Amino acid sequence: MVDNRTPPASDDVLNPKTATEKLAKNSKNEQDELSEEDQQLVSELEMIVERLKESSIEIHRSALENLVSVIRTTTSSMTSVPKPLKYLKPHYGTLVDIFEQWSDAQNKRALASILSLLGMVYDKENNRECLKYRLLAGYENETISEWGHEYVRHLAMEIGLEYSANVEDDEQSVEYLVPVALEAVAFFFKHNAEVDAIDLLEELNLHEAVVNYVTKDTFERVCMYMISCSPLLPPPADTNYLLTARTIYRKLGKPAQCLPLSIRLGRSDLIKEDWESCTTRVEKAQLAFIMARQQVHMPELIDDDDEELKACMNNTNLSKNYLNLARDLELLDPKTPEDIYKSHLENTRADATLDSARHNLASTFVNAFVNAGYGTDKLMTTEAEGKEWVFKNKDMGMLSASASLGMIMLWDVEDGLLQVDKYLYSSDNHIKAGAVFAIGMLTTSVHDETDSAKALLSEYITENNPAIVKLAAICGLGVAYAGTNREEILELLLPIISDTDITIDLSSMAALAAGLVCVGTGNGDVSPVILQAMMERMDSELNHKYARFMALGLSLLFLGTQDTYDTIRETLKAVTHPIGKQASVLMQVCAYAGTGNVLEVQKMLHLCAEHLGEKEDQLPQAFAVLGVGLISMGEGIGSEMSLRTFDHLMQYGEPYVRRAVPLAMALVCASNPVVGVLDTLNKFSHDNDKSVASSAIFAMGVVGAGTNNARLAQLLRQLATYYHKDADLLFVVRIAQGLLHMGKGTMTVNPYHHDRSLLSHTALAGLLVPIIAMTNAEKLIMTDSHFLMYFLARAMYPRFLITFNEQLENVSASARVGQAVDAVGQVGRPKNITGFQTHETPVLLAHSERAELATDKYIPLTNVLEGFVILTKNPDYQEDEESL
């Protein structure tokens, strides 16, 4: 009687590791359970094996052909072991012996091919017999594919294992594996399994060979996979993957896809190569737009008489295009701070007990952030109100008030300088200093041909000006020329850093400005000067609240450069003051920013876990916490893991560690209001430790910056009510409200762009300055150094998609905007976005959103629809398709 019980599903699945065990388990009852058809198959296979034992070569050939035919044609379930393989198990050893005895080469190859297939199932001792017999059978003329896809995948696995075993044994050569591996790669590419092909080539250190197999149909999937694997690989394999992907794009003539990879690699020679590979001027314009967004300024690439291309690279029309977007979205009407506070929704008159000067200062910042880039507001730019509002503030508040013009006139150099000019001749040094800072701020992200920021600010640094004006001019130069690495700017700043006769605040801010100018370059002229300044300054001076910016300036030089800072770190050990340790940790943090390097995160967590005595300097621990967020911010899984780690640090960490946790969370989720993060920060904002509360409130502002998130707006209004008697914390709440409504909801401060693949060093540096300032908020932001908030101008950028035609004129195109979907490594043509809505450009894009064209009317010159995108008309598009 036949047993009708169905075995577990997992028992039927074809898996080389478990197939042998399954066969052994069923062998006892096999003969009893065989159907008549199966019994006939067993008899046929036994007869074929008997014929193979005979001495005639011709009989052997006929029997082998018969055996191949039986294996291929016998039908079986897709998920179970094919019956011929099942019933050949008792004969496997016999077939191996027969193979050893034969002498005819052709027959031996045919039998070796069958043994290679059987070896996939019956290789009990992991002798890699599948590979062994495949090498004996040969692999020419696509014979490798005769047993199907699963066989080739198993063979690829054995090739990888064989390579690893031979590499460990140095005397063994691995050259014999390359030809069969390349045959497997060719098979994978032919059958849409590019991921398996790339993995096999990586195991054999042959990833460059992938270039020979890609076609116009497969290159996008291959490059996407290689680029997404890059952060997970150890050096130098990570950069080699990017270089290989770039080579593929070059082969297919895609300069707009090559350029972001050249920028990530930090290679100006490759950027030049990409520029020269453009076949049309329109392609060069698209590259210029991408370079302008990343602040890669290489005017030498453009012909002197091509003003239009220069305008693209210089970002000259950023302000005009931003205002056009505002006009389309009906956002041109200026907003007042009260429109943001919505005091009528608060349960109490929150500002009643707040002294008017502090209230006005908060309103100055809110007004500046909300109306940033619009060129108009109701406090500063109107003739009647402007000067009156400045005088409603006190001392450093006047500086912040007049400097707010730079934020309001952001990116508009011509009109901005006219607005600021009237304050440059003020008799009050604070107002004058604010106007000087405003000049640097309004020229940020924009390169004007006249170099007006340098021309105007240099005289305020070199001449015999008051210290506060010099300080503002130094900050202005740092913000205006961040990332340019220009010699003439450094010539103005380096003497101030090394001059020990001037106060530490000027020297520290000059170091910060120099760090901004040379961010991520590892400039060998600047680092020794800052190190020398640290060594020559007295301990009492290095205890100054501004000294941490000297350490930050030194660290910014090595932003994203990974392990190129070892010499400087060794030199820092000679600095006996605690600032040496602070700078060392901060430099390590900055060097690995955005890399997702797990080992570096572990080092930072080890620092955070130390329990220091009361007299020991705890600031390095705060920087280490920021480091966890900074290192893991560029990588999805790392970001999630870091957020989980921050919960533990808040529960068990020292006070300094707890104060830095909200700031680290802000770095990970800048302009990306994740609900879980907002809830956590809202909980921290009610902490008993005032420093933790202020950090959490500011972090809420950064997390929601430029998003107009309604839930966060409500939380901040509740906090304004809760802290209405605490002037300091209410001030921070107001700043957070201003950040939330930055640019009336059209901006971002997240340093990642180009579909979150490119990290802007200048934007990250601009974001780090106020975050480092918040590590000592009570002595900096809450007292007289609130102007440091304006460094955020360096990180602020519109989050738009604006489309142009080939004449660089605005053109409206239909675009779908939805949540980005990770389609890396998926087969076929998966959708890249989900839950989309269709809009006409220009459109706004949130941090986790992606856009794609809704019709085939236009072809974009870049695969990432973000920022400025040039569209060319599709010659194959038929107009009537759209109306259908």
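Reader: How many salt bridges are there, and what makes a pair count as one?

Author: The count comes to 26 salt bridges. A pair qualifies when a side-chain nitrogen of Lys or Arg is within 4 Å of a carboxyl oxygen of Asp or Glu. Please keep in mind that this is a predicted model, where local features need pLDDT of at least 70 and side-chain atom pairs count only at pLDDT 80 or more, while totals for chains, interfaces and linings use all residues. Residues are numbered from 1 along each chain as its sequence is written, and side-chain values use heavy atoms, with hydrogens and water left out.

Reader: Why is the contact of Arg 281 and Asp 306 called a salt bridge?

Author: The N to O distance between their side chains is 3.0 Å, and the rule asks for within 4 Å, so the pair counts. Arg 281 belongs to helix α16 and Asp 306 to the loop between α16 and α17, so the bridge ties together parts that are 25 residues apart in sequence. Helices here are DSSP runs of H or I with at least four residues, strands are runs of E with at least two, and both are numbered from the N terminus.

Reader: Are those two partners buried or exposed, and how do you know?

Author: Buried means under 20% relative accessible area, exposed means over 50%, and partly exposed is in between, with a 1.4 Å probe and protein chains only. Asp 306 has 15%, so it is buried. Arg 281, at 38%, is partly exposed.

Reader: What makes Asp 726 and Lys 690 a salt bridge?

Author: Their N to O distance is 3.8 Å, so the pair still meets the same cut-off. Asp 726 lies in the loop between α40 (710-722) and α41 (727-740), and Lys 690 in helix α39 (residues 690-703), so parts that are 36 residues apart in sequence are tied together. With 23% for Asp 726 and 27% for Lys 690, each of these residues is partly exposed. There is also a network, in which salt bridges that share partners join Arg 246, Arg 250, Glu 273 and Asp 274.

Reader: Which residues gather in a patch of negative charge on the surface, and why is it called that?

Author: They are Asp 303, Asp 304, Asp 305, Glu 307 and Glu 449. Asp and Glu count as negative, and Lys and Arg as positive. A patch takes residues with over 30% relative accessible area and no salt bridge, and like charges are joined within 9 Å. Glu 449 sits in the loop between α24 (429-442) and α25 (452-462). Its 57% relative accessibility makes Glu 449 exposed.

Reader: What makes the backbone at Gln 295 and Asn 315 worth a remark?

Author: Most residues other than glycine have a negative phi. Gln 295, however, has a positive phi near 60°, and Asn 315 has a positive phi of about 60°. Gln 295 is in the loop between α16 (281-294) and α17 (307-314), and Asn 315 is in the loop between α17 and α18 (318-328). Gln 295 counts as buried at 11%, and Asn 315 counts as buried at 3%.

Reader: Where is there a cis peptide bond, and what is its omega?

Author: A cis bond joins Thr 841 and Pro 842, with omega about 5°. Pro 842 lies in the loop between β7 (833-840) and β8 (843-844).

Reader: Why are β8 and β10 said to stand at the edges of their sheet?

Author: The sheet is open, with four strands in the order β8-β5-β11-β10 and mixed pairing. β8 and β10 (858-860) each have a single partner strand, so one side of each is left without a neighbour in the sheet.

Reader: How do you know that β10 and β11 pair, and how does β5 join in?

Author: Two strands pair if DSSP finds at least two bridges between them. β10 and β11 (residues 867-873) run antiparallel and have three bridges, so they pass. Tyr 858 stands opposite Lys 873, and a hairpin of six residues joins β10 to β11. Strand β5 (residues 800-804) pairs with β11 in the parallel sense over four bridges, with Ile 802 opposite Phe 868.

Reader: What makes β11 mostly covered?

Author: Six of its seven residues are buried.

Conventions. Patches are made of residues with over 30% relative accessible area and no salt bridge: like charges are joined within 9 Å, nonpolar side chains (Val, Leu, Ile, Met, Phe, Trp, Tyr) within 5 Å. Accessible areas come from the Shrake-Rupley method with a 1.4 Å probe; for residues, only the protein chains shown count as cover. The place of a charge is taken as NZ of Lys, CZ of Arg, CG of Asp or CD of Glu.
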